[in-house]
Amino acid sequence: MRPRPPGLASERTALAWVRSLIGLVGAGLLVSRGMLVHWPLLPAAIGIAVIGLLVLGAGYLGERRWIALRLPRPGPPPRTVVVVITAGAVLVAALGGAVLVR
């Protein structure tokens with residue numbers, strides 16, 4: 001059986017991962033700047049470290065998904081990937097809300 005070429009659906013999925021990661025990085029930078037302005041140094045540094053780890057983890061998982069999409073029949077992403085990305089986005093939103101409240 002010949003491997004089938006990737007279709008447009010795989011390309012759209014890969015581009016959606018890239019857009020999501022760019023949005024996460026942008027939100028993380030904005031939240032980090034707000035933390036540095038409004039919070040004491042130690043809590044701000046811890047929050048920025050958490051955001052940095054989240055962005056690195058999302059980038060790693062996105063790269064793994066990009067590689068998986070090159071397979072002839074890519075399956076859905078593992079459930080843990082979806083949970084981690086969703087939890088990270090919620091965490092960044094919560095930190096952004098905390099920065100806005102202060």
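Predicted model: local features only at pLDDT ≥ 70, side-chain atom pairs only at ≥ 80, totals over all residues.
1. Overall make-up. The protein chain contains 3 helices and 0 strands, and, read from the N terminus on, its elements follow the order α-α-α.

2. Overall dimensions. Along its principal axes, the C-alpha trace of the protein chain spans about 60 × 20 × 15 Å. The radius of gyration of the protein chain is 17 Å, whereas a compact globule of 102 residues would have one near 13 Å.

3. Of the 102 residues in the protein chain, 25% are buried.

4. Leu8, in helix α1. Leu8 has its place in helix α1, and because its relative accessible area is 67%, over the 50% cut-off, Leu8 counts as exposed. Between Leu8 and Gly26 there are 27 Å in space, C-alpha to C-alpha, for a separation of 18 residues in sequence.

5. Ala14, also to be found in helix α1. With a relative accessibility of 5%, which is under the 20% cut-off, Ala14 is therefore buried. If neighbours up to four places away in sequence are not counted, Ala14 touches Trp66 and Leu69. A further pair to look at is Ala14 and Glu63, which are 49 residues apart in sequence, while their C-alpha atoms are 9.3 Å apart in space.

6. A polar atom of the Ser32 side chain lies 2.7 Å from the backbone oxygen of Gly28. Once the neighbours within four places in sequence are left aside, Ser32 is in contact with Ile48 and Ile51.

7. Leu54, in helix α2. Leu54 belongs to helix α2 and, because its relative accessibility is 13%, counts as buried. Which residues does Leu54 touch, not counting those up to four places away in sequence? They are Leu24, Val84, Gly88 and Val92.

8. The largest pocket. Rolling a probe the size of a water molecule over the atoms shows where empty space is left. In this model, the largest pocket holds about 230 Å³ of space. The largest pocket is lined by 14 residues, of which Trp17, Val18, Ser20, Leu21 and Ala58 are the closest to its centre. Two or more lining residues come from each of the elements α1 (8-38), α2 (41-69) and α3 (79-101).

9. Composition of the pocket lining. Which element gives the most to the lining of the largest pocket? It is α1, with 7 residues. Sorted by class, the lining of the largest pocket consists of 10 nonpolar, 3 polar and 1 charged residues.

Terms used
Residues numbered from 1 in each chain as written. Heavy atoms only, no water. 1 Å grid on protein atoms, 1.4 Å probe; cavity = no way out; pocket = protein on both sides within 12 Å on 5 of 7 lines; lining within 4 Å. Points joined across faces, edges and corners; volume = space filled by probe spheres on them. Helix = DSSP H or I, 4+ residues; strand = E, 2+ residues; numbered from the N terminus. Nonpolar A, V, L, I, M, F, W, Y, C, P; charged D, E, K, R; others polar. Polar contact = N/O pair within 3.5 Å; in protein donor to acceptor, adjacent residues only side chain to side chain. Contact = heavy atoms within 4.5 Å. Rg over C-alpha atoms; globule rule 2.2 N^0.38 Å. Buried < 20%, exposed > 50% of the residue type's maximum accessible area, 1.4 Å probe, protein only.
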